Structures are given as C-alpha cells and as structure tokens.
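Keep the 3D view open as you read.

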Amino acid sequence: QHADDGGPQPEKHCGHGRGGMGEEVTRKEDKRFITGRGNYVDDIKKPGMLHCEIVRSPHAHARIEDIDGSRAMALDGVVAVLTADDLLEHDLATMPTLMDDTQDVLVNDKVKFQSQEVAAVIAEDRYTAKDAAEKVEVEYDVLEPVVDAEEALEDDAPLIRDELDDQEDNHIFDWETGDKEATQEVFDEAAVTVEEQMEYQRLHPAPIETCGAVADWDPGKDKMTVHMTSQAPHAHRTLFSQVSGIPEHKVRIVSPDVGGGFGNKVPIYPGYVVAAAASYVLEQPVKWIEERSENIQTTGFARDYDMTGEIAATEDGVIQGVKVDVLANHGAYNAAAQPSKFPAGFFNIFTGSYDVDAAYGSLTGAFTNTAPGGVAYRCSFRVTEAVYLIERMVKVLADELDVDPAEIRRRNFIPSDAFPYESATGWNYDSGDYEKALDKALEMADYEHYREEQQRRIAEDADKLIGIGISSFTEVVGAGPGKQCDIAGIEMFDSADLRVNPTGNAVLRIGVQTQGQGHETTFAQIVAEELGMDVDDITVEHGDTDTEPYGLGTYGSRSTPVAGAAAAVAARKVRDKAKSIAANELEAAEEDIEWDRESGEFHVAGAPDRSITITEIAAGAYMNSPGNEEPGLEAVNYYDPPEMTYPFGSYIVVVEVDRETGEVDFEKFVAVDDCGNRINPMIIEGQIHGGLAQGIGTAMLEHVTYDDNGNVTGGDFMNYLLPTANEIPNFETGHTVTPSPHHPIGAKGVGESPTVGSPPAIVNAVVDAMSHAGTSHVEMPMTPDTVWEELDEVGLSI
Ligand code: MCN
Ligand code: CUM
C-alpha cells in the first residue's frame, strides 16, 4: 500500500504482526472504557471540592439592572455568589476569544444571547448549587433582539456590541478570496451559468459528555491545576496563564478521558474561568459541569452560513469559474475556533476537486443575539460549508445541462498527474486521484442499476421515487504550517516525545489530545512500525501539560498529519541512535548496520544472522552505551508540516422518497475514502461510520433554531435531533490509497471526511429524486415536511 517513490515514504510494511502500519490492532483504550474504568472530568472528586452552577439569562438581549444574591446566600451550604463585579477585582470579568474578540465571563452590563452567563453560585454540593442558582434575583431591562444575520445588518437593527468603541452596526468583517475580475470575465463569456442559494443551518457538535472542569488552586505551591474537557490542553494553558496572570509554569491543564469533542471542546468557555476564579478565591477545588441544554445553547455551535453559489461552464459542462457569496452568523462574539489569520476558516477551498480557471468568494460576518461559535462539528475550519456548496452546485449544473452527475465530475476533476496542484484560490493540494475513488464508488453502488430503477419508477408513476446523490469531495486537514496557521499567535506545529526504557518498552508522549479517536492505539502503531517494537510495548500518553510536550491539540483532523508525523520522526531519531548502539553491541562499523523493517531488527550488512533487536539495543543504551553516545534512548520532535494534507473521497447515496409522506429512506450508502497510507483500517472505518452518522444528522435532523424573541427553540435533545441507530443505514465503505508525498509516513487525516463529504451526497440524492420535475434544491435538515413541501411544489406529491 505504500508508495515507493516521492518523498520520505516508509519502506514497505508487510503485516509483520507486531501491530505496525496497516494492522487492525484492537483499541488499547477500550479495555478501560468497556469495563467502566474511564476517567472523565465528572469522575474527578477531590477532598473539600465545591460545586459551581451558573445563573443564565432567560433573555437574549437585555441590560442587567441589578443582581441580588442574598436569598441564594441564605441557603444552607452556599459558599459564594459571584457576579462580574467579583471577577473585575481579579481582572477576570472578560476573556479573549480565539478570534481576538472579548467575551464576558459573567455579564458585566448587557446580555447578548439567551442563556448567557450572568452569575455563579458556589456550594457544597451540586443540588444546593442548583437550588441556590434559582434564588439569584436578576433584574433585566429587556431589549429588542435580532437573531437573523440578514436582519442584523439592516440599518434599524438593534446594536448588539455597543460596548465596543468603533462598532456602529452588527457587521464584523468582510473577507474575499480569489480573483474577482478574472472570475467576472469568465462568467461574462461563459455559455452556461447556474446559481443557487442554500443555507448550511446552525448545528451543534453535541458530544455525549458536556463541557466541565475541576479547578484546584494550591496556595502552598502557588499552582493552579485544572482538569477540563479540552481538545487543546497546552494552548488552553497558555491562554489560562495570560488571562489569569498566573505564570504558565504554575498552571497545569489535564484533559483526562474525553467523551467526544467534535470541535466543541476547542474554545475556552466562561464556566472554566469561573471555576478557576472561584477556586483561587476560596482556596478549595471547584467543579463545574454543564447540563445538556447549557451545552447546546451556549457553547461553540457549527456552520450557520447562508451561501449563494454560481458556476460558469461550457455547454459540455466543463466548469470554468466558481463564484460564491456568503452571509455568516457568528453570534454575539467573534469566537470561531480556527487559525487566527483565516476570518472565514478554510472556506477558500470551495473549488473542491475541480480544475477551474477562476474563482472568487466574498463573505460577510455578522453579530446576532445568539450564542457565539461557528467552527465546530467535525469540520476542518469551514471546509464543510465549502464542500457542501461546490458538491451541490455541480449537481445543479449537471441538471441544467442534463448530463449525468458522475460524468460531469469526471470532466472536471483535477487530473491525477496534476499534483501537487495549486487551486484557483491559491491552495496547494498534495496528492489525489479523484477519478479512481469515484469509479470505485460507482461500482460498489451499482450505479447503472439504480439509474435504470429510477427511470422505471418515474415511467410507472410509482409512489416511491429513487434518487442518487454523489459527492466527490476534497478535504484539507493538518494545520500548520506554522507560518500560515496559528491559534492566538501560537504556530500550529505538533510534537512527540519518545522514551525507550532499559527493558525495551517505551512511552510516547504526544502534544495532541484524543476525544475518542483511538490515539493510544494508532500512535503506538506508528512507533511499532518505525522501531520494530511490538505495539503492546508502547504506551501513549496525552492530555497532561506537566508531562506532555507542547502541542496545539486535536481538531481539523490534524493529529495524524502533524503529531503523527512528529511521532514517526521521533521514532526515526531513536532508530538512528539505536544504529550506533547496535554497532557497538555487534562490534561492527555503524555504516555496516542495516535496519530491516520486516524483522524489526538491526543486522550487519551481508550477515543477517548477526542481528540485534530494539529490546537488546535499549538495554545496551543504558548498560553499555558507546563512548560516542550519551546513555539513554529517547528523542523529541516538534513537527511543522510543509503543507496541509488533502484527503478525499467519493460518496454515493441512493434514497427512496415517499411521495405521500415526504419520508426519505436510505437504500444504499457507499463511502470510498482516501486518507493516504492507513495506520489502522479498523479505526478508520469506525471514524467513517461515526462521521457518516453525523452527516445524516446534518442532512436530515439537526438544527439549532431560534424564535424572533431570541429564545433557543432547538436547544435540547427533545428539539435538537441526533441520529440514532434507527436512522442509520448499512454503510458500505471502501478505500483507495494515495499517499501524501510530504508526510513522513504518507498519511493524511480522516476524522472529518465523512461528516464533510456526506451531507451534499444526501441532499443531491433527495434533489435527484425530484429533479425530473424541476427541483433544484432542498434545504437541510430534510425533514419529511420539508421534503413533502417540495414534492407538492413540483407536483409530485400524492
Ligand atoms: N488514522 C489512521 N490512518 C490515517 C489517518 C487517521 O489510522 N491515515 C486514525 C488516526 O490515527 C486516529 C483517527 O484515525 O486514531 C483519526 O485521525 P485524524 O484524522 O488524524 O483525526 P484526529 O485524530 O486529529 O481527530 C480529530 C477529528 C475531528 S477534528 C473531530 S471534530 C472528530 C473526529 O476526529 N471528533 C471525534 N473523530 C472523532 N471521533 C470520536 N470518537 N470522538 C470525537 O470527538
Ligand atoms: Cu471543526 S470540529 Mo474538529 O476540527 O475538532
């Protein structure tokens, strides 16, 4: 499966049985998870630990006139009621967002979205804290809210951010990419143009474990330890130190087992800061754990993009230009979790898998009286929106020209020999073979059969229509490079620290933090592959800033592309030193020592029986190290990738649409992914299955909705519908392997691909069932009533 050329690819692996690259090693972490021995933040109990409950605003837009905590304080077991005034004393009333905005920790003056943090109660147990929170009396002067981005930009809209000196309206930023004039020229001269407006609705990552923290200030050591639900412990440590003024070496962030993140645990939230401030003031540990509705209503949401896409093409369907205009709802603060220099994330990649002459995108961001966020939920920084747009638009073009949607993709793919490829918006794709993935998916999906079946149903005026949707997406994952990508100024490299013990086993510490992706297994596999060790002899540690090397965290599927590379490089450094020790042990010259990936052993060139294993070398490193080497066997690598990686895939979805009820049934769901060289195919398949389920949730069910008064009407699991086993069809997965030429082990990320790639395939399928009658678009979530309305609109309902 490995490429033999192009860059520092690994030598061949042949399933040597030690748990290296490509082996389906069962997940090491599962033993503790399935035996109830996981250790999540809420499992942490410390002596004298107090509990924090947050008082939240029922209004979306209101000035706070008065807060009276006396009735709450009177309750037995209540230790403190905190308001912005208390935090102001410690300079903690506000905190910076990842996009350099300033967010209230507790509202100082004006509430800007429903359920915003207004006060906090600290009590001896959680129930008392809850009861007391209800007794905190807050007087509000209720203001008119605006929740819709378009209305927020109207002249008479209420001004949300009136505390900012230079903010006269709700406009945050304008952003553009590509070549406007060149694109316009292409459009002016094009034989065919198509246009479609589509919304990518507001979603929430909704991890099963909500956010929480246990903060523990130790006045003896002047040290703050915070156990918290964090996808990026080191970055959070730096921010914590900056916000609190506690020196960074006196801050320890521990992210223990995390029950799903999906992007929700990248930002800093007021709850963490309040817990830490309370612990500092009270000198006791303080726990804060969010409830489900608090999580959905206040923490980082995803998407909320209103997009208009346009394509210019020849009569044969050769795409020449792509144009896109977006209105982005960012909520009450600009708090998207993405590289600082990209106001619209990686939305730039909206030309997708296609070789186009010119492209232009413009985007406007707006404040509204809704929770802040925008980038989360299994997305590489807005690539999800970009992929949805282009894959939907290609279907719109195919219908306009009456060309098969598979065929029109084939005519436009970036050819496999054109890589590395620079896109019209200036992005450098590392490698790809899009046609191969599409061909494989078409075959697996029995595409021709379903096309015939579709026509048969139409001809027979059947009650149930068939629709076939395709998405041939390109992802971009693995931020850095540090020069282009940073979080709050910190360059996005990542790290690995590998220590081999005298008895031949090893501990690998990594700068990224798993939330369920299986890093304890896959990172051990990388080391097993590179050192000829057994996967069971390698322990992977993460999530504790006191022991792990500095890293930027897990999101944007960056763990494999960046920290995975660091792990491979650290292991190779160890291998280099091992050679010198092997030479000493075997009494040969170092130049004559060869490493054999197959056996995992070092031997003297031409004398394979004079060999030594890494276990024996490890002993030598501590007990008999040569004069030219330091004792010990370890290495650290901080890896700044030269480029990002561009995984891709082709998904084909066949649906049956009921003309009577608008219900959509999945007949077939095929996903062919290419993430370069694969570390653990079983873990990859798990990632794909989970991500496809989330793609189905996106397309069919999920939506954080608001009413005109700013009330969240989709803010709990009664109204924010997650997909369950009932809604999930049987997935048929396949893969192709196109290694990344610049990654040490040729791997690309994969964690987000299914959620990024599948929604347009699903919508394309539903549209496809009705396009013969004139349907060009159906908005997500495609609930039965939405679909039925469209059926009715085009005369297909019965
Ligand atoms: N992998 C592999 N071979 C490859 C690529 C990846 O075996 N060529 C493995 C990796 O080693 C890792 C897993 O697949 O164990 C995912 O790897 P990667 O694509 O590098 O993504 P990350 O580990 O950085 O995970 C982040 C990604 C994101 S951004 C979200 S959001 C998401 C996702 O992963 N959140 C998840 N998958 C999730 N899965 C679970 N269970 N929980 C989450 O919160
Ligand atoms: Cu955008 S969700 Mo993931 O990148 O943590």
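A polar contact here is a pair of N or O atoms within 3.5 Å. The model is predicted. Start with ligand 2 and C379. A polar backbone atom of C379 lies 3.1 Å from an oxygen atom of ligand 2. That distance is within 3.5 Å, so the pair counts as a polar contact.

Two further contacts involve oxygen atoms of ligand 2. G556 brings a backbone N or O atom to 2.5 Å from an oxygen atom of the ligand. E752 uses its side chain instead: one of its N or O atoms there is 3.2 Å from an oxygen atom of ligand 2.

Now look at the whole shell. Ligand 2 is surrounded by Q231, F262, G263, A376, Y377, R378, C379, Y555, G556 and E752. Five of these shell residues are nonpolar, three are polar and two are charged.

Move on to ligand 1. It is surrounded by 33 residues. The closest are G261, Q517, H519, T560 and V750. A polar backbone atom of I679 is 3.1 Å from a nitrogen atom of ligand 1. R558 places a backbone N or O atom 3.4 Å from an oxygen atom of ligand 1.

Another arginine, R575, lies over the face of W595, at 4.2 Å from the ring centre.

Finish with the rings themselves. The structure holds 26 aromatic pairs. Take F419 and Y421: their ring centres are 6.4 Å apart and their planes meet at 55 degrees, so the pair is tilted. Are these two residues buried or exposed? Both F419 and Y421 are buried. They also belong to one aromatic cluster, formed by Y354, F413, F419, Y421, Y429, Y434, Y646 and F648.

Terms used:
Residues numbered from 1 in each chain as written. Chains lettered and ligands numbered in written order. Predicted model: local features only at pLDDT ≥ 70, side-chain atom pairs only at ≥ 80, totals over all residues. Heavy atoms only, no water. Near = heavy atom within 4 Å. Polar contact = N/O pair within 3.5 Å; in protein donor to acceptor, adjacent residues only side chain to side chain. Nonpolar A, V, L, I, M, F, W, Y, C, P; charged D, E, K, R; others polar. Phe/Tyr/Trp six-rings, centres within 6.5 Å; stacked < 30°, edge-to-face > 60°. Buried < 20%, exposed > 50% of the residue type's maximum accessible area, 1.4 Å probe, protein only. Lys NZ or Arg CZ within 6 Å of the ring centre and 35° of its normal.
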